[in-house]
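Here are my notes on this one, in the order I'd go through them with the viewer open.

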Amino acid sequence: VPNATTSGDSIVWFRKSDVIATGDIFDETSFPYIDLAHGGSINGILEGLNTLLDIAVPKHLQEGGTMIIPGHGRYGDEHDVLEYRDMVTIIRDRVQNAIKKGMTLEQVKAAKPSYTYEYEPRFARNPSWTAPMFVEAIYKSLTSGK
């Protein structure tokens, strides 16, 4: 998966077992890490998550569906990836809208685009990758080509 967490992320799909190992693209314990210095990008993360959704079988369609093994945290299923992808999309869109309004990085961070009743309590538990760091990575990822 090019330009997701870094420029060299992989998804491993065990077809006969219907299991997908996601690496760090999907992390049940944290906001997704984006290593800008090594080719990571917010849109690459979203492309990776959408790829997972394209190949995963929902639970109700086949004997429990595809088992998703994240880089960190408990294993999940297609619905867990869907919720995670939606969270990342919502926060990315909030940052993107703030950029369109001409807001600076500090103004965007002060607006707390990642703060929602469920997002920060659930995903802002990693002291080495905080919500402000995630928002900053999104901002820089979206503005780096400008």
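1. Which helix does E78 lie in? That would be α2, which covers residues 78-100. Keep in mind throughout that this is a predicted model.

2. E78 is the residue I'd click on to begin with. What is the nearest side chain of opposite charge to E78, and how far away is it? It's R85, at 7.5 Å. As for what surrounds E78, leaving aside residues up to four places away in sequence, it touches L53, A56, V57, P58, T66 and I68.

3. Now the helix itself. α2 has 23 residues and spans 32 Å between its first and last C-alpha, close to the 33 Å expected at 1.5 Å a residue. At its start, a side-chain oxygen of D77 comes to within 3.1 Å of the backbone nitrogen of H79. Past the other end, α2 is followed by G102, which has a positive phi, near 85°.

4. On to the charges. How many salt bridges does a search of the whole structure find? Eight. One of them joins the side chains of E28 and R122, at 3.2 Å from N to O. E28 sits in the loop between β2 (19-21) and α1 (42-55), while R122 is in helix α4 (residues 119-123), so this pair ties together parts that are 94 residues apart in sequence. Buried or exposed? E28 is buried, at 6% relative accessible area, and R122 is partly exposed at 25%.

5. R122 also meets the side chain of E83 in a salt bridge, with N to O at 4.0 Å. Here E83 lies in α2 and R122 in α4, so the pair links parts 39 residues apart in sequence. E83 is partly exposed, with a relative accessible area of 38%.

6. R74 and D80 form another salt bridge through their side chains, at 3.3 Å from N to O. R74 is partly exposed at 45% relative accessible area, whereas D80, at 11%, counts as buried.

7. E83 and R122 meet in a salt bridge, and salt bridges that share partners join E28, R74, D80, E83 and R122 into one network.

Notes. Residues numbered from 1 in each chain as written. Predicted model: local features only at pLDDT ≥ 70, side-chain atom pairs only at ≥ 80, totals over all residues. Heavy atoms only, no water. Helix = DSSP H or I, 4+ residues; strand = E, 2+ residues; numbered from the N terminus. Buried < 20%, exposed > 50% of the residue type's maximum accessible area, 1.4 Å probe, protein only. Lys, Arg positive; Asp, Glu negative; His and termini not counted. Contact = heavy atoms within 4.5 Å. Expected span 1.5 Å × (residues − 1). Polar contact = N/O pair within 3.5 Å; in protein donor to acceptor, adjacent residues only side chain to side chain.
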